Amino acid sequence: MINQKLEEWLEQIGCEGELEPVAADASFRKYYRLKSTMHSGIVMDASAQKESVMPFIDIEHRLYEAGVRVAKINTFNLEEGFIFMEDLGNTHLADVINDDIELYYGKAIESLIKMQNVETEGLPAYDEEFLRFEMDLMKEWYLEKHLGLTLDETQEKILSAALETITAEVLTQPQGVFVHRDYHSRNLMFGCTDDLVVIDFQDAHVGAVTYDLVSLLRDVYVELNPRDVERLALHFRDMKGLDVDDETFMRWFDFMGLQRHIKILGIFARLAIRDGKEGYIKNIPLTMKYILDVGAKYPELKGLIDLLKSV
């Protein structure tokens, strides 16, 4: 059901017309395509998460100032939680990946490097506490609530030690860059001029240099060939001008991916259990595959991998 206050607001600003629902994201926000003889665009109804509107506008401006292509905001209503913005169409990176990996991922990496120059003042940090908080979602929502498991004392120690190792490794790489947090194939679109457009950026943080790169290349919705993943990861390193050898950079990349994917197991389970969005469960197998395949490369994580394989 369309929010009546949203329809009233659109009428007040002279943009009334037919509202057609479009695909939603993992939040409580809703999106509609406005169709009328005078106006067209995308309407965001964030009335259930009004606090997300100001960060969205703030980050959109920061990205624009850094030369990152984003959807133009036409107008907004902070009190009610509404935004009326540019319509980018329906083509996501996920829809064109198989057409030309070099072209599209090249554009995504160029955009990512621009994005890492975005002003970060006032944004929350991916510090040790937050990294651990995110990974702890896996135990609560995936192991305990989704699988119905209770870890014994030995298993608890194994899990805790592994998460401490992953956190410490993530913090060894360069920090302090703008982090989108969900820079993947469903949040990158192609506008009418075939330029890559970044969306869903309002939860940005400051963190590690490989976070958004691993989100892009070890995407939980699309699996790339591992050889392409490594080649593109090292291409990013070279374009970024990082003075680090292949082995060290891929270790940074791997451990960042482990942190992200462990978190995502918890997020997907929580979306299904708490929010009724059961469709995310189908993405758990690929997420788990990343964890097991990458974790198996590092002897210090053997306990974690054995534990996850046993559940």
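Tutor: What follows goes from the whole chain down to single side chains. Keep in mind that the model is predicted.

Student: How many helices and strands are in the protein?

Tutor: The protein has 11 helices and nine strands. Its radius of gyration is 20 Å, close to the 19 Å from the globule rule for 311 residues, so the protein is as compact as a globular protein of that length.

Student: And what box do the C-alpha atoms fill?

Tutor: Roughly 60 × 45 × 40 Å along the principal axes.

Student: What share of the residues is buried?

Tutor: Buried residues account for 51% of the 311. The exposed surface comes to about 14,500 Å², and carbon and sulfur atoms supply 50% of it.

Student: Switching to charges. How many salt bridges does the structure hold?

Tutor: There are 27 salt bridges. One of them pairs R218 with D254, with the closest N and O atoms 2.9 Å apart. R218 is in the loop between α7 and α8, while D254 is in helix α9, 36 residues away.

Student: Is that pair buried or exposed?

Tutor: Buried on both sides. R218 has a relative accessible area of 11%, and D254 is at 0%. Both values fall under the 20% cut-off, so both residues count as buried.

Student: What does K289 pair with?

Tutor: One partner is E223, at 2.9 Å between the closest N and O atoms. K289 lies in helix α10 and E223 in the loop between α7 and α8, so the pair ties together parts that are 66 residues apart in sequence. K289 also meets D293 in a salt bridge, at 3.1 Å from N to O.

Student: How far apart along the helix are D293 and K289?

Tutor: Four residues, which is about one helical turn of α10. D293 is partly exposed at 43%. K289 is partly exposed too, at 36%, and so is E223, at 42%.

Technical notes
Residues are numbered from 1 along each chain as its sequence is written. This is a predicted model: local features need pLDDT of at least 70, side-chain atom pairs count only at pLDDT 80 or more; totals for chains, interfaces and linings use all residues. Side-chain values use heavy atoms; hydrogens and water are left out. Helices (H or I, at least four residues) and strands (E, at least two) are DSSP runs, numbered from the N terminus. The radius of gyration is taken over C-alpha atoms; the globule rule is 2.2 Å times the number of residues to the power 0.38. Buried means under 20% relative accessible area, exposed over 50%, partly exposed in between (1.4 Å probe, protein chains only). Accessible areas come from the Shrake-Rupley method with a 1.4 Å probe; for residues, only the protein chains shown count as cover. A salt bridge is a side-chain nitrogen of Lys or Arg within 4 Å of a carboxyl oxygen of Asp or Glu.
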